[in-house]
Amino acid sequence: MIFGVLLSRLVPGDFVSASGSTAAQLFLFRPRRENIRQGKETEEKEGRERGEMASEFKKKMFWRAVVAEFLAMILFIFISIGSALGFNFPVSVNGTSATQDNVKVSLAFGLSIATMAQSVGHISGAHLNPAVTLGLLLSCQISIFKALMYILAQCLGAVVATAILSGVTSSLPYNSLGLNALAKGINAGQGLGIEIIATLQLVLCVLATTDRRRNDVSGSAPLAIGLSVALGHLLAIDYTGCGINPARSFGSALIANNFENHWIFWVGPIIGGAGAALIYDFILAPRSSDLTDRVKVWTSGQVEEYDLEGDDMNSRVEMKPK
């Protein structure tokens, strides 16, 4: 009785029932206040995430990274495909026509990737491949917005480079502009399998080489990734012309106006890149952080990646082992 009277004086009259069950009213009122508080926290959290995405959009370093992907893609495509077109010159030795040197082309692709990674890796991470960008997205290392902008820049860069190359090599007979196509005797399923495996080993190498948790990588990350690109070409050139890069395949297909079996060179690298990310993050080197916390990067991005004023300048270099 005394307890009820004391509670009735502490609690406003609106919350006191006619029967005097103040304790019961308090019990019912607290969940309401808790729900209101949780609702406000959810709204504030969503507002912060929208603000973080807008903040990434406004960062100058973000757009520098997108431009770096575009320019590096132009150089990469021009050098690598240009090396592959050389065999089309009407050169013959003792009446025998020259054939494409797969080792030369593979090294050109690999070394050009390594060079571009060393040149712009500290600015954009030097993805230069939608499959690599997808792998890093699924690995929760970049935001969705950044991934979309990178893929757009990569495709535009490939188209511009192939268009320039088309003008430079216009005198070449049977100029395919590096168009990816299935070799004779290779069906769509076999070509798809080749593209998946070749891309998987590349993206797996990128994720492993740039893993910030590792302290045993003493060599050059760009060179390791470049060699992985060369390895993929040594495998796949004779079967599919080696796509493993949807943007590179798209540029040639668009300028040559030939999209026959083009879907293989998107679906294969996408499956390979996604598979590499899942295998590395959940089987080979599982991360200790909670998955729900990691996927927040998809909306907020890694803002510190673009902080040029920060103490740890290496925090934004994706192509450099940590």
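Close-up 1. The side chain of Asn-187 reaches the backbone nitrogen of Gln-190 at 2.8 Å. A polar contact is a pair of N or O atoms within 3.5 Å; within protein, one must be able to donate a hydrogen and the other to accept it, and residues adjacent in sequence count only if both atoms are side-chain atoms. This is a predicted model, in which local features need pLDDT of at least 70 and side-chain atom pairs count only at pLDDT 80 or more, while totals for chains, interfaces and linings use all residues. Residues are numbered from 1 along each chain as its sequence is written, and side-chain values use heavy atoms, with hydrogens and water left out. Asn-187 sits in the loop between helix H6 (144–168) and helix H7 (188–209). Helices (H or I, at least four residues) and strands (E, at least two) are DSSP runs, numbered from the N terminus. Asn-187 counts as partly exposed because its relative accessibility is 42%; buried means under 20% relative accessible area, exposed over 50%, and partly exposed in between (1.4 Å probe, protein chains only). Look also for Asn-261: Asn-187 and Asn-261 are 74 residues apart in sequence, and 9.9 Å separates them in space, C-alpha to C-alpha.

**Close-up 2. The whole protein, for orientation.** Here you can find 12 helices and 2 strands. Along the sequence, they follow the pattern α-α-α-β-β-α-α-α-α-α-α-α-α-α. Of the 322 residues, 43% count as buried. Contact means heavy atoms within 4.5 Å. Among contacts with a separation of 6 or more, 78% come from residues 24 or more positions apart.

Close-up 3. Ser-80 has a relative accessible area of 0%, so it is buried. A polar atom of the Ser-80 side chain lies 3.5 Å from the backbone oxygen of Ile-77. Leaving aside neighbours within four places in sequence, Ser-80 is in contact with Ala-108, Phe-109 and Ser-112. Ser-83 counts as buried because its relative accessibility is 14%. Not counting residues up to four places away in sequence, Ser-83 touches Lys-104, Val-105 and Ala-108.

**Close-up 4. Helix H4 against helix H8.** Helix H4 (residues 102–120) packs with helix H8 (residues 221–240) at an angle of about 150°, and their axes are 7 Å apart. H4 is therefore roughly antiparallel to H8. Axes are lines fitted to C-alpha atoms, for helices over the stretch in contact, and angles run from 0 to 180 degrees between N-to-C directions. Angles under 35 degrees count as roughly parallel, over 145 as roughly antiparallel, 65 to 115 as roughly perpendicular and the rest as oblique. The crossing of H4 past H8 is right-handed; a crossing is left-handed if the near helix is turned anticlockwise from the far one by less than a right angle, and right-handed if clockwise. Residues making the contact include Phe-109 and Ile-113 of H4, along with Val-229 and His-233 of H8. By class, the contact of H4 with H8 has 13 nonpolar, 6 polar and 1 charged. Ala, Val, Leu, Ile, Met, Phe, Trp, Tyr, Cys and Pro count as nonpolar, Asp, Glu, Lys and Arg as charged, and the others, Gly among them, as polar.

**Close-up 5. Helix H5 with helix H10.** The axes of H5 and H10 come within 8 Å, crossing at roughly 35°. Their crossing is right-handed. On the H5 side, the contact is made by Ala-131, Leu-134, Gly-135 and Leu-138, and on the H10 side by Pro-269, Ile-270, Gly-273, Ala-274, Ala-277 and Asp-281. These residues divide into 7 nonpolar, 2 polar and 1 charged.

**Close-up 6. Helix H5 with helix H7.** The axes of H5 and H7 cross at roughly 50° and come within 10 Å. H5 is therefore oblique to H7. This crossing is right-handed. Ala-131, Val-132, Gly-135 and Leu-136 of H5 make the contact with Thr-199, Leu-202, Val-203, Val-206 and Leu-207 of H7. The contact of H5 with H7 has 7 nonpolar, 2 polar and no charged residues.

**Close-up 7. Helix H9 and its neighbours.** Helix H9 (residues 246–256) has buried residues including Arg-248, Ser-249 and Gly-251. The buried residues of H9 pack against H3, H4, helix H5 (130–138), H6 and helix H10 (264–284). Just after H9, you will find Asn-257 with a positive phi of about 55°.
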